[in-house]
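Q: I'm new to this one. Could you walk me through how to read a few of its features?

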Amino acid sequence: MLNELLLALVGCTGDIFIDDKERAEALGLTSNSDERGGSEVDDFGDECTFRLAPDISFLEQSEREMLNRLLRLGFYYRELDQFALRCRNLSWIKLSNPDTVTNAATALVKREYSPSVYRRALANGIAEVLAVYRAAVLKVEQNLLSDPLPVLASVTEGLHRFEMLLPPLYALVREVEREEMKGGRLLNLLHAKCHCGIPQLQACMQRLLWHGHQVMYRQLAAWMVYGLLQDQHMEFFICRRQDSEGQNGLTDAESLAEKSRFRSVEDDRLADWHTGFQVCLEMLPEYIPLAMAESILFVGKAVRVLRNPSTSFKVQPTGSQRPGSKESQRPDGVLVQFVKDSVSARRANQIFELLPQDDAEKIASMIRDLKDAREFQKMAMERAVDIIRAIAAKHLWQLVVVHADLLGHLKALKDYFLLAKGDFFQCFLEESRGLMRLPPRPSSAEADLKVPFQQAAIKTIVDDDKYFSRVSLRMPNLSKSSSAGSTQGDHLRQRNLTDTSSLTSVMSAYGESSAGPAYDGWDGLTLEYSVDWPLQLLFTREVLTKYSKVFQYLLRLKRIQLELEKSWAEAMHHDRADSAQQRKDRDNGEFASQRRQLRMPMWRVRQHMTYLITNLQFYIQVDVIESQWTLLQERVEASKDFTELARFHQEYLSALISQSFLDIGSVSRILDSIIKLCLQLCRIIEQQEGTPSASELEQITEEFNKKSNSLYTILRSSKLAGSQRAPFLRQFLLRLNYNSFFEATARGALNMARPTLAHR
């Protein structure tokens, strides 16, 4: 009987110790598992089905209770062993192609139990516990054989410690099967089970959690050392973004092969960096902070970039970073002088490793140390992730700043998109002024502007400017912006309403209130900058859109300033002609003198317009752009972290937009009206030979004074002038209101307007 008991303790029942479940299945009394959708929960639930046969009558009640208590260990052993066999069954690997399935039992395993590497790790840990249990049963058998008078108490004494281990383990696997737990959810469950008051059970659960962490660390090593996502069953907390790929369940190689059919390799790399991967919160263990998961995500994406450079990428030193410069000879300079090594070169032109092997081995060593630790240490993992992230960010910074000449490209964007090359754009606007006075032709507007654009470049840009070739003119949404009035005069006097739909949003991130001032049908004129790998990591489409909108804003101010200057030259030409006529014809001198007197109000309002536009331009170009550019340069040179670099650049763009008031709808609408009035005055001066009618001039002057006063009132409000949003705004207001002239003029205009409004 003791031999039958020992066999039952390892899951083998017989005539003395029976299994109710087996008997019910043999008699056909249980429901088919297929009819229950493959569920492992049967009619007996979680109850123990091992018991002493009812026809055994020679045992006392106490002995029966002791035997039934021991039989529970055999039942738990069998259930845990079957769980381990199911989870450790590797036949699902052959099931990637259903046509190759030949084994019905294997197909049943695939249908009933979805594969999971984390559940397999749990099964490995449970197999270790069961191995210890079998050894204990074997030790009990040896003691029984060596004892001349074997007693049941020796069996109980040898296995009593498993009465505290096997029942919780059985409850654990039942919960795992019932909830179909895997990945981070399974780790959360094991981590919660580790918090108990029984030392033996706590040690057992920690060992099971250790097995689960082995899988996680292997996935971390693949992701953070090689940039590979080894997660066939979607259990890792780093996953591909579903909306960007739509290929759930595919490995890295499979998804790459699928994507290559439709997109280029460069597009795939950019998509992987920007929208390819994300943190899966469902699979993120609760004891791993989201910030750490974001750092792990960044490291993997950075390693993918560093290990897979573009085939066309070459190190391009800037003018200040050439080997012969003093900066490159400093030991602490950011430029690294690489030594060509023909032995380690992988390509004919000896492209250097962007991620050195020593650093890759250091990353792998830190992950290996975490993997070998007996217990999970959150602080140790946080320190390791921070160090690894710093390594990846540093090499990515070197790739973008040093190898790809980031400062040179930033300077080019400033020169052309922010109008830092003032002589070039002054020449371009003068060359294209005659063309821009006409409505743009939808079919050839871009081609028409290329001629004055190239002429301005020949006159002002030196030959060694290697960035100018990356800049090109574009006229998007031209069909809308060209649907203005039929005549030239109507087109120049009124703003095209359909064109404002493309101008009322400087950028989508700032909403509809971020409208820039409108000018005419050429408002849509913008620049396009050709960006090579790896600068697309920083210069995204959204970033270049922001640059384009700031360029459109500055170009409109530049154009209206030029028109005001040309109108002044036109008025002075007519004034000199009248003076010459007065000297020649003394009889008509009184008439010429009257015309000069009529021009005096026009000169004054034109001067006020020029004063406002010029000071606004000076504020944006000097106080905003130049100061922010200096700050950006200092930050880029002082930083060695790509994440900080991206943040500094975003803050730079945000400061340009906010300090230029592009995100304030009221200011944009007022500037829109002021530019419209300036343009109206310029056209009147041209059409009426420098002597506008008194009624038109009075209307323009009154409206301009109102708008300029409203602009001044908004800008000097405590919400703007008293905040850190625009630190140089007070200087702009001081220049604008020099000697309190602007404020007094605006106040006088309002006082004059009040009686008129009351009379109406």
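Predicted model: local features only at pLDDT ≥ 70, side-chain atom pairs only at ≥ 80, totals over all residues.

Q: Which strand holds V279?

A: V279 lies in strand β4, which covers residues 277-279.

Q: Is V279 buried or exposed?

A: The idea is to check relative accessible area: under 20% means buried. V279 comes out at 12%, so V279 counts as buried.

Q: What is V279 in contact with, beyond its neighbours within four places in sequence?

A: Contact means heavy atoms within 4.5 Å. On that basis, V279 meets F237, I238, L284, L290, A293, E294 and L297. Take A293 from that list: A293 and V279 sit 14 residues apart in sequence, and their C-alpha atoms are 6.8 Å apart in space.

Q: Now for a helix. Where is D415 found?

A: Look in helix α17, residues 406-417. D415 has 9% relative accessibility, so D415 is buried too. Setting aside residues up to four places away in sequence, D415 touches A420, K421 and F425.

Q: And what does the side chain of R683 make a polar contact with?

A: For a polar contact, think of a pair of N or O atoms within 3.5 Å. Here the R683 side chain pairs with the side chain of E563, at 3.2 Å. R683 belongs to helix α26, residues 665-687, and with a relative accessible area of 4%, R683 is buried.

Note on methods:
Residues numbered from 1 in each chain as written. Heavy atoms only, no water. Helix = DSSP H or I, 4+ residues; strand = E, 2+ residues; numbered from the N terminus. Buried < 20%, exposed > 50% of the residue type's maximum accessible area, 1.4 Å probe, protein only. Polar contact = N/O pair within 3.5 Å; in protein donor to acceptor, adjacent residues only side chain to side chain.
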